[in-house]
Amino acid sequence: MEGEVGTNVVGEALEVSFVLNGRATTVRARTHHTLVDVLRDQEHLYGVREGCGVGMCGACTVLVDGEPQSGCLILAVSAEGREITTVEGLEDASGELSDIQDAFVRHTAFQCSYCTSGFLLATKRLLEEIPDASPHEVKTYLAGNLCRCGSYMKILAAVTDLLERRRTVALAPTKEDA
Amino acid sequence: MLAPRFLRPESSDEAVELLRSFEGAAKVVAGSTAMTIMLRQGLIEPDALIYVGGLPGLREIHEEDSRLRVGALCTHREVELSAEVRAVLPILAYTFGTVANVRVRNAATVGGVVAEADYASDPPAVLLGLGADVITTSPSGERRRPLLSFYRSFYETELDFDELIVAIDVPIPPSGTYAVYEKYVSRASEDRPCVGVFASAQFYGGLFHNVRIAIGAASETPQHVPAIDRAGDESDLRASVIGEIAEAYAEQTDTLDDMRGSSWYRKEMIRVWVRRALERVREDAYASPSPSRSSSIPDEMPRRDQ
C-alpha cells in the first residue's frame with residue numbers, strides 16, 4: 001500500500017488536509033503528532049492549549065465537525081477531511097467577537113484565561129445542543145472543562161446570560177411580523 | 001522513537017488482512033482517546049496504526065429479537081443519546097454517559113473501550129452484567145464470544161492480533177427488570193471510578209429473579225459471579241440477602257492497589273456499593289412495580305434537542 005493516500009512508512013510525515021476555521025488547510029504530520037501539535041506549530045493558532053495532555057482539562061478543546069473534542073487526544077493524521085474549529089474561528093470576518101466571547105468578557109468569566117478558549121468552544125456546542133439548558137445541564141455539560149482560577153460562577157453567569165439572550169432573540173418579532 | 005506507519009484500510013476485510021500481515025505489531029485505532037496517551041507516554045511502540053475510524057457499516061444501532069446490537073464505531077456520546085438505546089436499555093445509555101467528559105465521549109468508541117480492557121473504564125462491567133457478546137471479524141471469519149470469557153487480565157483480552165471488534169450484542173432484559181450502575185469516585189468528580197457496581201433484577205410475584213451483579217474498576221478484569229448472584233433469586237432482597245451477596249463479592253474479588261484506593265479499601269467499597277446498588281434496585285421495584293419495558297430510568301439523563 002506504499003504511496004497510497006493516507007499511508008506512510010515508518011518515521012515519515014504524511015500530508016493531512018482538513019477545513020480549519022472555514023479554510024482548506026494542509027499540514028504535514030507524523031503519526032504521533034496530535035492536532036494540538038500541528039495547530040500550534042504549523043498553523044500558529046495559540047488559542048489551542050495543552051494542559052493535562054490526557055483529555056481531562058479541556059484547555060485543548062476544538063470542534064471537530066461541530067462537536068467538542070480534546071485536541072490533545074486526536075492524532076493529526078486522523079483529521080483528514082474533518083472540519084476543525086478553534087477559538088480563532090469564533091469571531092466573524094471583520095473581527096467582531098461572537099456573542100459567546102462578548103458574554104465572557106462582560107461577565108469577566110476568566111482570570112488567567114488559559115482555559116477560556118476551551119470553555120468558549122464547549123459553550124458554542126452547548127448552546128446549539130440544549131438551547132433551554134438548566135443551570136444543572138450547563139454544569140454537567142461543561143464539567144469536563146477545568147478552570148483552576150475558579151471562575152466557575154462567572155462562567156455559569158455568562159452562559160446563563162447567553163441562553164437568555166439567544167432565547168430573547170429567537171422570540172423577538174421580526175420586521176416582517178411588525 | 002520512530003513514528004509508526006499510519007494505514008487507512010477502506011473496509012473491515014482490508015483492516016484485518018493488514019492486522020494479519022503485521023503479526024501483532026500493529027494496533028487498531030479509531031477514536032484514539034486512549035491510544036494517543038499510550039503512544040505519547042511510550043507505553044506502546046507499534047510498527048503501525050491501522051485507522052478504522054471511517055470504515056463503513058460499523059456505526060449502526062439496531063434492535064432485533066430482544067437483542068440490541070451496537071456497532072463498534074458508535075461513540076460513547078452516540079450510545080448515551082441514542083433514542084433506541086434509551087428506550088430498551090436506558091442503563092447502557094446512562095453508563096456510557098458517565099464516562100469522562102463530553103469531549104472524550106464524542107471520540108471514544110464502543111469497540112475501543114471493550115478492546116482496550118482498561119480496568120478503570122465504566123462500560124465493560126455494565127456490559128458484562130448485562131450478558132453482552134463481543135462480535136469480531138478476522139480473515140478466518142466472524143466470531144461471537146460472551147464478554148464473560150473475553151477479559152483475560154490487566155489490559156488483556158482474548159482478541160487475536162488479526163481480529164477486529166465489529167459490534168457488541170446485548171440481550172434486552174425482560175420486562176420488569178430494574179438495573180442500576182453505581183460509579184464510586186474516590187478523588188474528584190471528573191475522575192474514573194475507584195469501584196463501579198452494576199446490579200439488576202427482575203421483579204414479579206413480590207420476589208426478585210435473575211439477580212445480576214458486576215464489579216468494575218476494582219480488579220484487573222470486571223467481575224461477575226453467577227454463583228454469588230443466585231443467593232438473591234426468588235428472594236425479597238431483604239438486608240440479610242443483600243449483605244450476603246455484598247460480602248461474597250468483597251471477599252472473592254482480587255482487588256488491586258492504585259492511586260484511587262488500596263486493595264483493602266476497594267474490598268470495603270465493594271461491600272458498601274454492592275449493598276447500595278441492590279438497595280436501589282429493590283427500592284425502584286417497590287416504588288414502581290411494573291415498568292413498561294426494562295430498567296429503571298436514571299435521574300437526570302442528559303438530552304439533546306437537535
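## Domain interface in chain A

Domain 1 of chain A and domain 2 of chain A bury about 1,200 Å² between them, with 56% of it on carbon and sulfur atoms. Buried area is the accessible area (1.4 Å probe) that two parts lose on being put together, summed over both. This is a predicted model: local features need pLDDT of at least 70, side-chain atom pairs count only at pLDDT 80 or more, and totals for chains, interfaces and linings use all residues. Residues are numbered from 1 along each chain as its sequence is written.

Domain 1 spans 14–87 and domain 2 spans 99–170 of chain A; such bounds come from an automatic or database domain assignment. Their centres, taken over C-alpha atoms, are 22 Å apart. In contact (heavy atoms within 4.5 Å) are 17 residues of domain 1 and 15 residues of domain 2.

## Salt bridge across the interface

One salt bridge is found across this interface of chain A. The rule asks for a side-chain nitrogen of Lys or Arg within 4 Å of a carboxyl oxygen of Asp or Glu. A:Arg125 forms a salt bridge with A:Glu67, and their closest N and O atoms are 3.3 Å apart.

## Sheet in chain B

Chain B has an open sheet of five antiparallel strands, ordered S4-S5-S10-S6-S7. Strands (E, at least two residues) are DSSP runs, numbered from the N terminus; two pair if DSSP finds at least two bridges between them. S4 (61–64) and S7 (141–146) of chain B are the edges; each has a single partner strand, so one side of each lacks a neighbour in the sheet.

Five bridges join S6 (133–138) to S10 (164–171) of chain B. B:Thr136 has B:Ile165 as its bridge partner in S10(B).

Notes. Chains lettered and ligands numbered in written order. Heavy atoms only, no water. Helix = DSSP H or I, 4+ residues; strand = E, 2+ residues; numbered from the N terminus.
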